[in-house]
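Colleague: Could you take one part of this model and go through it closely? I would like the packing described in plain terms.

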Amino acid sequence: MTRGISRHAKWIATGALAACVVAATPAAAATAPAVSCTSAKAGLADKLKRDITSALSHRSGTIAVGLYDRTTKTTCTLRSSTAYDSASVVKVTVLATLLWDAKKHNRYLTDRESTLAKAMITKSDNDATSKLWRQLGLTKIKGFLTAAGMTQTKPGANGYWGLTQITVTDEQKLLKLVTAKNTVLSDNSRAYILKLMGQVISSQRWGTPYGAGSGISWHVKNGWLQRSTHGWRVHSVGTFKGGGHDYMITVLTHGNSTMNYGITTIQGVAKVIHRDLAAS
């Protein structure tokens, strides 16, 4: 995994990035936003708000959180519209775009596309992603974002897919599309995305699945990227089902001193969310 991280950093660290959009400046500590939760289940919103806030109380960096549980109609958000460089989390959007476009043309994925898609999601392969990104082009990618209602997502320019600007709001919209019947993605497409997100290699299974109970099925995609501004971006998006719950979690972070620091922050949030839902 170390080799992949250095390649990722090398891939992104070029002078051409100077013109690209930089993520939103972190709010000053004095005006830091509060975690907001609502739920149809009595007491759950207050518990989640308290526990997520506590998990983040001693963590540095700028952290955004999204939770949605269909079963209890529970939603939690923190910095839901703050923009972050996507790093590899955008790969789920790339796969969704590929499947959405194939459906429009009434065709199956080619063997080449399937091979690239599997490498992109399960191993977070950057070369496979670049090939699919070039094949699709910005017009199709923007077309999918429009169809998905992901109005806050801005694709990276000049082939720099890892600098796509993403928000918790839009990542949660995407996870909702992947996990429930809709007119944007076919049932087969949704099943394919979840299948690959459930086959992520062991070294990349950190993040939002941390602390999920043994009876919970999970699907995850993580992203990590170091740049000269805002340090390490470390992100994790995941879907979870079981124990009487059907939920999705997005945690986006930047301003981390190391990749591992960001992972620890994400896992601290995930652990209390899984625990509180399991007890509800």
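Modeller: What follows covers a helix pair first, then a residue beside it in sequence, then another helix. This is a predicted model, in which local features need pLDDT of at least 70 and side-chain atom pairs count only at pLDDT 80 or more, while totals for chains, interfaces and linings use all residues. Residues are numbered from 1 along each chain as its sequence is written, and side-chain values use heavy atoms, with hydrogens and water left out.

Helices (H or I, at least four residues) and strands (E, at least two) are DSSP runs numbered from the N terminus. Helix 2 (residues 44–56) and helix 8 (residues 259–278) have axes that come within 9 Å and cross at roughly 160°; axes are lines fitted to C-alpha atoms, for helices over the stretch in contact, and angles run from 0 to 180 degrees between N-to-C directions. The two helices are therefore roughly antiparallel (angles over 145 degrees). On the helix 2 side, the residues in contact (heavy atoms within 4.5 Å) include Leu48, Ile52 and Ala55, and on the helix 8 side they include Val269, Val272 and Ile273. By class, this contact has nine nonpolar, two polar and four charged residues.

Asn256 lies in strand 8 (residues 245–256). Asn256 is buried, at 3% relative accessible area (buried means under 20%, with a 1.4 Å probe and protein chains only). Beyond its neighbours within four places in sequence, the contacts of Asn256 include Ser60, Trp232, Tyr261 and Thr265. Thr265 also belongs to the helix 8 side of the helix pair.

In helix 7 (residues 187–197), the buried residues include Tyr192, Ile193 and Leu196. Their cover includes helix 3 (90–104), helix 4 (111–122) and strand 6 (217–226).

How values were computed: Buried < 20%, exposed > 50% of the residue type's maximum accessible area, 1.4 Å probe, protein only. Parallel < 35°, antiparallel > 145°, perpendicular 65-115°, else oblique. Nonpolar A, V, L, I, M, F, W, Y, C, P; charged D, E, K, R; others polar.
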